[in-house]
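Let's walk through the charged pairs in this model and then the nonpolar core. Have the structure open as you read.

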Amino acid sequence: MSKSEKKVFTVIIFIVMVFSVGITVLSLFKIPTISHDNSAIISIGEAKSDVLELAGLEEDDVVFTEQEAEIKNGFRYYDFSFNDGTMGYRYRIDAHTGDVVSSSSEQID
């Protein structure tokens, strides 16, 4: 084995050892991780009924312009936009808890 081959072999062995030691050290310490349960507790249909109730409206009285499930920053949401011809409404519902994350309404011109 030539001198340059020995150097390459030594560097490879060193890298493998450093990697192995690093993995061992990391496994000894529990590193906290953020884990969000993305399973929906309430269905999008239940959330839709809830936002209509909050707005004091019936489904037959509104037109939905947005109704979607979204995962943002590790959390699952349901987004709704709808109007009754005079007012526009927007709601974001936490799909796990059913809580209203944000809501707004405005008069339609």
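## Salt bridges

The count comes to four salt bridges, taking a salt bridge as a side-chain nitrogen of Lys or Arg within 4 Å of a carboxyl oxygen of Asp or Glu. One of them pairs the side chains of glutamate 59 and lysine 48, at 2.8 Å from N to O. Lysine 48 sits in helix H2 and glutamate 59 in the loop between H2 and strand E1 (63-72), so this contact ties together parts 11 residues apart in sequence. Helices (H or I, at least four residues) and strands (E, at least two) are DSSP runs, numbered from the N terminus.

How do these two partners compare for exposure? Glutamate 59 is partly exposed, at 44% relative accessible area, while lysine 48, at 15%, counts as buried. The cut-offs: buried is under 20% relative accessible area, exposed is over 50%, and partly exposed is in between (1.4 Å probe, protein chains only).

## Links between E1 and E3

Next, the arginines. Arginine 90 forms a salt bridge with glutamate 66, with their closest N and O atoms 3.6 Å apart. Arginine 90 is in strand E3 and glutamate 66 in strand E1, so the pair connects parts that are 24 residues apart in sequence. Arginine 90 is partly exposed, with 48% relative accessible area.

Arginine 92 has a salt bridge to glutamate 70, and here the closest N and O atoms are 2.6 Å apart. Arginine 92 belongs to strand E3 and glutamate 70 to strand E1, so this pair ties together parts 22 residues apart in sequence. Arginine 92 is buried at 17% relative accessible area, whereas glutamate 70 is partly exposed at 24%. Salt bridges with shared partners join Glu70, Asp79 and Arg92 into one network.

## The nonpolar core

Now for the greasy part: which residues of the largest nonpolar core touch the most other members? Of its 14 residues, they are Leu57, Tyr78, Phe80, Phe82 and Ile93. The elements giving two or more residues to this core are helix H2 (44-55), strand E2 (75-83) and strand E3 (87-94). H2 gives the most, with four residues.

A nonpolar core here means a set of buried Ala, Val, Leu, Ile, Met, Phe, Trp, Tyr and Cys residues joined through side-chain atoms within 4.5 Å. In soluble globular proteins, nonpolar side chains tend to be buried together.

## About the model

This is a predicted model: local features need pLDDT of at least 70, side-chain atom pairs count only at pLDDT 80 or more, and totals for chains, interfaces and linings use all residues. Residues are numbered from 1 along each chain as its sequence is written, and side-chain values use heavy atoms, with hydrogens and water left out.
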